[in-house]
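Here's a quick tour of how two chains meet and how one of them is put together inside. Have the model open and follow along.

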Protein chains: 2
Amino acid sequence: MKKIGVAGYGSTKFSKHETPIEELLVESTKQLFETTPNLSQDLIDGVLVSTNDNSKYLAAILSEMNGIKPKISHTIEHLCSSGTNAVISAFSYIRSGLADVILVTGGDVIGNPGQVLEWDNSRGQFNHPIYWGSMFTKAYKRKFNTTEEELAIVSAKNHRQAIDNPNSYSHEPYTISQILNSKIITDDLRMLDCSYPCSGGSSILLASEDVIKKFTDTPIWISGIGQKTNSASFTKNDLTMLSSTVYASNDAYKMSNITPSQIDVAEIHDAFSVCELMAVNDLGLSDKDSATEFVRNLFNTENRKINPRGGLIGAGHPLGATGISQIIEVTQQLQNCAQKRQIDNTQKGLVHNMSAAATSSTVLILES
Amino acid sequence: MKKIGVAGYGSTKFSKHETPIEELLVESTKQLFETTPNLSQDLIDGVLVSTNDNSKYLAAILSEMNGIKPKISHTIEHLCSSGTNAVISAFSYIRSGLADVILVTGGDVIGNPGQVLEWDNSRGQFNHPIYWGSMFTKAYKRKFNTTEEELAIVSAKNHRQAIDNPNSYSHEPYTISQILNSKIITDDLRMLDCSYPCSGGSSILLASEDVIKKFTDTPIWISGIGQKTNSASFTKNDLTMLSSTVYASNDAYKMSNITPSQIDVAEIHDAFSVCELMAVNDLGLSDKDSATEFVRNLFNTENRKINPRGGLIGAGHPLGATGISQIIEVTQQLQNCAQKRQIDNTQKGLVHNMSAAATSSTVLILES
């Protein structure tokens, strides 16, 4: 099977501005073109757009705005993990032989669907993501006797790390005390425990090993893929566990033939503080049931291994862009070009992206 | 490369009822389960939904409603060719080795986005599909001296063929005279020259050759795929030619290693009467520039080779379902189980699905 890797990338700044979706998509694509040597429109076989925006035909419109005439083009939506779904789709198009080079561009505008789950009647009155974040937090605190301070450490760490990410929404160095004293949203969540809804766009170019050297001397390969939609987890499973993440990560580790201990850097879907604690455990990155100690140690030693770009909490969460931005961060870390955010000696990275109370998860393994 | 084929299918009736999107998706999936031997939920690796509906996370919701816990799930949108885009995506997931069996379910509710192009500012005041249908018709009549009667033959043929399709929107045997006297919409289009906006859902199961025999003794293989998004065609190219269709069909014929003369049955995207005339020419099914004679001959000899289920004009056009329904019809023809619609000795079939004034086209070749 041919290897497929990241050949280029681009991103907008994440902000609260109501930038039109087309502009977000074009801006990040433009940056990708500017920073990817030898890339021309005619080399692109496919254009996939990941978004929750209600506009239609965006992949064709983005193509037209960029002068690309692709074979493959369509929009992919799967709420908060739309971005990684589009990247895996691009991976499969290339591996199947239907394409060699695919542009994946994701974006969402602040206030877009997905930030409020107006349509999701299956969850009764719990129609806003904050409710499941709150339920997860309550259950987690009950099981592990986790303190509010331990939860606040996640947010303090990720906000601190976001300062060195020029594209992040927040550049505020919030302290644990400021987080604990931020606005109360529910019994268990403060404002600064939540990821920021915002506008943003990000783009990635995927290419097969046959052609990737044209675009980069340091391709980063996608070596492991795991996905699971396990919708019933919300009602049937333990609320302190991301069961779809466990399934997805097992498949991803198996496909790439590595173990969690080999991961040097990970982008984790910290929609709420508690999600990072749950995920590092369910991905096998921390010793079992010691997630709070693990994250506290990262914080105290200024170790950026988890969410170096600031996570969804620090960098913001424009749904369709998030998964792609996570991949860009791991790519930059593995290329040793993450500037102030750079972690030493990174060779293997992980991306964890999920949707709707972890009813779906994606896990990717990237390697240099 | 492993072969991939159609292992099962299901469809709702197409109607003007405002059936909720979830119900359309579930109903056609239910029929697929009922008619596909040995299919159980745990055998399905992926669930892809094709729709223009604004509801989010429909692939996960459909999975939950059917008790499926897939690895891959998301929604695919590309206006009128969303359905074939989803099927080709499923094909690539299977061929890439990430899946063996994928359920593709498409649907749209009458009045959904895509039937009126409210957002499409790139076309100035021409914000309704009827305008491009009208422009195409005017240009075609001017170039080929095509008469209104010759255009009406397309509609009369497809309405007549739809009578034998139990799922079609129309079962009315409209005559040429009735079509010519139907409501005037623009200078060049009567009401009965247009496809019907409607509600409908359709499902297809795709499987690799490794496992397909479990589900069917008569798998129909997807042997050719061509796609093109050629957005600028509308402003730069000849309005009497579907340039994206020419690109897409060349690729599809090449991949399947056949010529147009070998096609026994074809489902054509007749959004308006003129589209069928343009497409049979651009797909190479009629002799060059003799499309009107070709279709007149089919009509006079009651030959169902083109659009046996009635096309979009007779069967209706619920956007996200259309491409999938076209594949189901060709599959049934190649399986020799199309009942009253059956054409003799069919071995190779073609599906032609397009979006937005043919700015995108998909062509598939299917073989028994």
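## Strands across the interface

Strand β3 (residues 72–77) of chain A pairs with β3(B) in the antiparallel sense, over 3 bridges. Two strands count as paired here if DSSP finds at least two bridges between them. Strands (E, at least two residues) and helices (H or I, at least four) are DSSP runs, numbered from the N terminus. Across this pairing, E77(A) stands opposite T75(B) in β3(B).

A word on the ground rules: this is a predicted model, local features need pLDDT of at least 70, side-chain atom pairs count only at pLDDT 80 or more, and totals for chains, interfaces and linings use all residues. Residues are numbered from 1 along each chain as its sequence is written, while chains are lettered from A and ligands numbered from 1 in the order in which they are written.

## What chain B brings

How many residues of chain B are in contact with chain A? There are 44, and they meet 44 residues of chain A; contact means that the C-beta atoms, placed from the backbone, lie within 7 Å. On the side of chain B that touches chain A, α2 (58–66), β3 (72–77), α3 (82–95) and β6 (220–229) of chain B each supply at least two residues. β3(B) gives the most, with 6 residues.

By class, that side of chain B splits into 16 nonpolar, 21 polar and 7 charged residues. Ala, Val, Leu, Ile, Met, Phe, Trp, Tyr, Cys and Pro count as nonpolar, Asp, Glu, Lys and Arg as charged, and the others, Gly among them, as polar.

## A look at N52(B)

N52(B) sits in the loop between β2 (46–50) and α2 of chain B. Is N52(B) buried or exposed? N52(B) is buried, because 26 other C-beta atoms lie within 10 Å (buried takes 20 or more within 10 Å, exposed 12 or fewer, partly exposed in between, with C-beta atoms placed from the backbone).

Leaving aside residues up to four places away in sequence, N52(B) touches a list of residues that includes K56(A), E77(B), D108(B) and L319(B). The C-alpha atoms of N52(B) and E77(B) are 5.8 Å apart, although 25 residues separate the two along the chain.

## Two domains in chain A

Chain A is assigned domain 1 (4–114 + 198–220) and domain 2 (129–196 + 221–367), with bounds from an automatic or database domain assignment. Their C-alpha centres lie 23 Å apart. The contact between them takes 39 residues from domain 1 and 34 residues from domain 2.

On the domain 1 side of that contact, α3(A) has the largest share, with 7 residues.

Terms used:
Two residues are in contact if their C-beta atoms, placed from the backbone, lie within 7 Å.
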